[in-house]
Amino acid sequence: MDERLETASTNALSGGPERYHEKLAQQGKLFVRDRITLLVDEGSFVEDGLLARNDDEVLAADGVVTGRARVEGRPVMVIANDPTVKAGSWGRITVEKMIRALEAAYDELLPVFYLVDSAGARITDQVELFPGRRGAGKIFYNQIRLSGRVPQICCLFGPSAAGGAYIPSFCDVVVMVEGRASMYLGSPRMAQMVVGESTTLEEMGGARVHCEISGCGDAMVQSDEEAIEWAKTYFSYVADSYRVHPIDYHPEDPHPDVDIAQVIPADAKDVYDMHTFIDGLVDAGSFFPVKHRYAREVITGFARLDGHPIGIVASQPAHLGGVLFVDSADKAARFMWLCDAFNIPLLFLADVPGFMIGSQVEQEGIIRHGAKMLTAMAEATVPRISVIVRKAYGAGLYAFSGPGLRPEATIALPTAEIAVMGPEAAINAVYYNTIEELEEPARSEFIDAKRAEYSADVDLLRLAAEGVIDAVIQPEDLRGELTRRFALAGRKDRVFSGRRHGVPPV
């Protein structure tokens, strides 16, 4: 090999100056090429643009490593910032490499893994990288074009600053390393200058903020290694592209220590953990939550049912009674869009008292956000099955793919209740004046009589007789019923409506 070429290649593979490698080690971070080695199959990585910026100012690969590889045998595209080169910031060639990688991912239907650790655009190079037709905006254009075509998975190891913060936001999922990862449009120093706010980087855009409050993050982990493992596990559930189905795995029995018939309390007012119910239903150890720290009144995540990947949207009675809020509606809607994009059937587990009411949530737009959840669910053309575990009141029934939204089936457990509202609220709404006029014991006798009438009106057998419910299934038979129904729904027509797109209430 020519000596100049060998020297240039060695320098590029080495990254930035040694002092920045030492800084990475002090932070507990891995070097970019070590991250890639952990992610991809051994010997599979083929790099593009290694010798970029091999000029007067030597900047190894111009701070971003791009190329094709395989992850668990599946072809992917990798875009990885190198924080040892000008803090992983973007120059003109950095942007060009990323654009080319994304264009190739589109053409070749390659899932994209983003390993992000970047200070954003180099202000000194802004004219070259920011405003033009091949500027940074083209990165976001390509990400949007790729959305729903192939999976886009982001591991956020460090900062993702200013415009660069949009890279994670356009990805399907973002896993963040606590104490190191951050997303923000303006730094704390800028916030102090512009709006007079004194804050810290962690308070403004750290992993906990985005995974628990803003919803921009999908999982929080403690190390680079954990982030990469999370991303690979997520990848195991989704299809390579919109054109194919996810990979099936060897079937496993549910968790041996969970009997779902015993999970649901006899008293309809008692609380239980829906996670336990899910563990007793799906293949053991297969449930993989998404956004589990955010809007915890609804559970979203993947699992395997007899080896087949499914998406689960479930009420969580153990948190705020499972009532739906603005954030939980958004969380569920985005998860449904994700599953529908990559051919993952949806299972709904409802124990929902409905959407929250009151002036605060009305001002936050609960109607609009609830409509978004219904829109995402109605537009999902993958097989959908709704299970009424305990209660489904009001629009909560619709939000969990009730009969009017055309699921493949609405299944009820014997504990199920379907109604506009619960008996106490209904009786009070209709008979408030009468109740107020009565004295005890006549008041209690009147309420008990009306409760009995109400219960008869929404009796499961009556709902089944009216065709509202397709089947009433004992808990111990639910797994087998779902397995058979999903298997038979696999040839479903995936067309929802003849149009370009709707105008969703987002």
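Predicted model: local features only at pLDDT ≥ 70, side-chain atom pairs only at ≥ 80, totals over all residues.
Local features need pLDDT of at least 70, side-chain atom pairs count only at pLDDT 80 or more, and totals for chains, interfaces and linings use all residues. Residues are numbered from 1 along each chain as its sequence is written, and side-chain values use heavy atoms, without hydrogens or water.

Two packed helices are described by the angle between their axes and the distance between the axes.

| Helix pair | Axes come within | Crossing angle |
|---|---|---|
| α14 (residues 326–341) and α16 (residues 366–379) | 8 Å | roughly 20 degrees |
| α3 (residues 32–39) and α11 (residues 224–235) | 10 Å | roughly 35 degrees |

**α14 and α16**

The crossing angle makes α14 roughly parallel to α16 (angles under 35 degrees). Their crossing is left-handed (the near helix is turned anticlockwise from the far one by less than a right angle). The contact (heavy atoms within 4.5 Å) includes Met336 and Trp337 of α14 and Met373 and Met377 of α16. By class, this contact has 10 nonpolar, 2 polar and 4 charged residues.

Helix α16 has 14 residues and spans 20 Å from its first C-alpha to its last, close to the 20 Å expected at 1.5 Å a residue. Its buried residues (under 20% relative accessible area, 1.4 Å probe, protein chains only) include Ile366, His369 and Lys372. The buried residues of α16 pack against α14, β12 (346–352), α15 (359–364), β13 (384–393) and α17 (395–399).

**α3 and α11**

Here the crossing is right-handed (clockwise). Arg35, Leu38 and Leu39 of α3 meet Asp224, Glu225, Ile228 and Lys232 of α11. That contact has 3 nonpolar, no polar and 4 charged residues.

Key. Axes fitted to C-alpha atoms, helices over the stretch in contact; angles between N-to-C directions. Helix = DSSP H or I, 4+ residues; strand = E, 2+ residues; numbered from the N terminus. Parallel < 35°, antiparallel > 145°, perpendicular 65-115°, else oblique. Nonpolar A, V, L, I, M, F, W, Y, C, P; charged D, E, K, R; others polar. Expected span 1.5 Å × (residues − 1). Buried < 20%, exposed > 50% of the residue type's maximum accessible area, 1.4 Å probe, protein only.
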